[in-house]
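I opened my notebook to record what I looked up in this structure. The entries follow in the order in which I made them.

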Amino acid sequence: MTALFAVTVGVLYAAGLYLVMRRSVVKLVMGLALLGHAANLLIFTMGRLSRDGAPIVAAGAERLVPPHADPVPQALVLTAIVIGFGVQAFALVLVKRAHRETGTDDLDALRSTDS
Amino acid sequence: MKALVVLPVLVPLATAIACLALRPWRAAGRAASVLGALVHLLVAAALLHRVDGAGIQVMQMGGWAAPYGISLVADLLAAIMVTLTGVTGLAVAVYSLGSIDAGREDHGYHPLFHVLLMGVSMAFLTGDLFNLYVAFEVMLMASFVLLSLGGERAQLEGSVKYVTLNLFSSAVFLAAVGVLYGVAGTLNMADLALAVQRGTAPGLVATLACLFLVAFGIKAAVFPLFFWLPASYHTPPVAVSALFAGLLTKVGVYALVRAFTLVFTGDTAFTHGLILAIAVLTMVTGVLGAAAQFEFRRVLSFHIVSQIGYMVLGLGLFTPLALAGTVFYLIHHIVVKTNLFLVAGIVKRLGGTLDLGSLGGLYRRRPALALLFLVPAFSLAGIPPLSGFWGKLVLVKAGLDSGHYAVTATALGVSLLTLFSMTKLWNEAFWKELPEESAVAAAPVPWTLLGPVVALAAITVAVGLGAGPVFDLASRAAAQLADPSQYVRAVLGEGARP
C-alpha cells in the first residue's frame, strides 16, 4: 500500500512541476495546487499507513493499545488542506484579475515589472 | 506573567478585528490601527525586557506540555525580532495614515496590515515547526492581498510572481515538515534538536536540511532564489513596500538562523559551508543587480537581497561572534531598510515619480529631507559611526578570526559597491539639477510621513552611537543561539537529555 502511495506522490510532484513550468498562468495555478496536494499526501504517507487502529483509548483501559494510527499527521494534513484551499482560491482570483487587466495568460507577456 | 509571550500575537489579532469592525468609520479605524501598533510595540518591548532579565520565556498553549502541545518560546533573538516588528509596525502604521488612499482603506488595508504583523510575530515566537508553517501562511495570505490591493497592472504582475514563488516555497516547506515528522516523530523544535543529536537517520536529516534551506531561502531571498523580490517589491504603495522590505525577508532569515542553530547542527562542515557560499553569492549578485537599476525602489530592492547576504554570512561562519554580528545586522537592517523605503515614498510625493532620470534638485529644495535620506543611506553602506558600520565590523572581525579571508574581502568589496549605489541615488534624486520637464511639488510634507522617517533615523543614529549596549544584547542573544541546550531545557524541562 505504501508503495502505491509513494508512486502517487511522485506522479503528483512530476505533474505539478511540469505544469508550473508551462507558460500559461492557469496551468501555473493548477501546478501549484498539485504540488500542495503532493505535499499533503506525502505527510499522510509518512505517518505510516494502517487500518483499523483508531487512536482512541478503549473504555476502562489506561493507555492506547498498539497497533494504532498516528493522529498527528492527519491533523497536520487537515490544517494544510484548509490553508491550501484558501491560498488556491486567492491565486485563482488573482489570475482572473491579472487576465482581465493584462488581456493575456502568457507568463512571458507579464514582464513589465522585471526591468 | 507567562501570558506576555502570547500577547505580541494576540494584540495584532485584536487590532485586526477592531479595524474590521470599524470599517464604516474611517477615522476610528485609523485611530485603532495606530493604537494597536503602539500597544504591540509596548508588549513586545516588555517581553524583550523580561526575557533579558529572567531568561527564555515559554508558554505551552492550552496547558499541553511540550512536546505534545504547541509551545511558544521567546528567547532573546525572538524577543528582539518581535520588538523590531513592533517598531516597524508603528512607523508604517503612522506613515500609512498619510499615504494610503481611501479606496485601499475601505477595502481592508488596516485589518490586513495587522494580520501581517500577527503572522510575523507568531513566526518569531513559535517553538513548533508546523506552527511556523501556519504562521508563514498567515503572513503570506495578508501579504498577498496587501500586495495586490488596488489592482493596478504592475501590482498584479508583481503579485503573480510573488505568489507563485512563495507558494512553491510553502509546498517545499510542508513536504520537508512531513518527512521530518516521519523520521523524528516530533515537530517541537527543542524535541527535534534532541532527536537529531541522538543521530536519527543522519543521511535523511542532511537531505531535509537542504529542503529547509530551499524553503527558507526562497522566503529570505538568497541567491539563486531571490528573483521574486525585485520583481514585486516596487509595485505596491510605498507603505506596503516598506513593511515588506523591513520584515518579510527577515522572517526567512530568522527561520534559517533558528533551524540551523537549533536543529541542523550535526554536519556543520556541509550545511554551514553551503550557507557561507550562498551568502557570498547573495551579497555579490544583489549589489551588482542594484548597480544596473535606475528606479529608486528597485535599487533598494536589490540591496535587500545584498544585505540578506551579510546576515546569512554570520550564520555561515557559525561562531558566537559571527552570530552576534547576524543579530546586530538584523537590528540595524530592519530599521534602515524600512526607513529608506519611507523616504522613497516622500520623494515620490514630491517628484511625482521614482524614476531616477526624471528626479533631481531635491537637495536645493528640501535640504532637511536630503539629510534624512543620508542617515539610512550611509548606514546601509557602513559609514561610521552609523549602525551599519558596527554590524559590518563585527562580521568582518568574525570572518578574519575564523580564517575566511576571501569571504571577508568580498564582504568589504560589496560594502564599497553599496556606497556606489547610495551615491547614485543621492546624485540623481537630490544633487543634480532638476530636469527641464520635471517639477517638484511645493506642498509641505505632512507630519504623518515625516514623523516615522525622523524617528527611524533617530534610532539608526542611536544604535550607531550606543553600539556598545546593543552589541552586548546581540552577544547575549548569540550566546543563547550557540548553546541550544538552554532553549531545549527551557521548553522541555530541566531533565531533557539527548
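**Ground rules.** I started with the elements: helices (H or I, at least four residues) and strands (E, at least two) are DSSP runs, numbered from the N terminus. This is a predicted model, so I noted that local features need pLDDT of at least 70, side-chain atom pairs count only at pLDDT 80 or more, and totals for chains, interfaces and linings use all residues. Residues are numbered from 1 along each chain as its sequence is written, and chains are lettered from A and ligands numbered from 1 in the order in which they are written.

**Cis peptide bonds.** I looked up Pro224(B), which sits in the loop between helix H9 (202–220) and helix H10 (228–232) of chain B. Its bond from Phe223(B) is cis, with omega near -5°. I then turned to Pro385(B), in the loop between helix H16 (367–381) and H17 of chain B. Pro384(B) and Pro385(B) are joined by a cis peptide bond with omega about 5°.

**Positive phi.** I checked Arg48(A), which is not a glycine yet has a phi near 65°. I found Arg48(A) in the loop between helix H2 (25–46) and helix H3 (71–102) of chain A. Phe318(B), also no glycine, has a positive phi of about 60°. Phe318(B) lies in the loop between helix H13 (296–317) and helix H14 (320–351) of chain B.

Are these residues buried, partly exposed or exposed? I used C-beta atoms placed from the backbone: 20 or more others within 10 Å means buried, 12 or fewer means exposed, and in between is partly exposed. Arg48(A) has 13 other C-beta atoms within 10 Å, so Arg48(A) is partly exposed. Phe318(B) has 22 C-beta neighbours inside 10 Å and therefore counts as buried.

**H17(B) with H19(B).** I looked at helix H17 (residues 387–401) and helix H19 (residues 447–465) of chain B, which pack at about 45° with their axes 7 Å apart. Axes are lines fitted to C-alpha atoms, for helices over the stretch in contact, and angles run from 0 to 180 degrees between N-to-C directions. Under 35 degrees is roughly parallel, over 145 roughly antiparallel, 65 to 115 roughly perpendicular, and the rest oblique. H17(B) and H19(B) are therefore oblique to each other.

Contact means C-beta atoms, placed from the backbone, within 7 Å. From H17(B), Ser387(B), Phe389(B) and Trp390(B) meet Thr460(B), Val463(B) and Gly464(B) in H19(B).

**H12(B) with H18(B).** Here I took helix H12 (residues 268–291) and helix H18 (residues 405–431) of chain B, whose axes come within 9 Å and cross at roughly 20°. H12(B) and H18(B) are therefore roughly parallel.

**Chain contact.** I found 28 residues from chain B and 29 residues from chain A in the contact. H7(B) gives the most to the side of chain B that touches chain A, with 18 residues.

**Core.** A nonpolar core is a set of buried Ala, Val, Leu, Ile, Met, Phe, Trp, Tyr and Cys residues joined through C-beta atoms within 7 Å. Which residues touch the most other members of the largest one? I noted Val312(B) and Val327(B), among 232 residues. H14(B) supplies the largest share of this core, 19 residues. Leaving aside neighbours within four places in sequence, Val312(B) has contacts including Val222(B), Val253(B) and Leu256(B).

Technical notes. Two residues are in contact if their C-beta atoms, placed from the backbone, lie within 7 Å.
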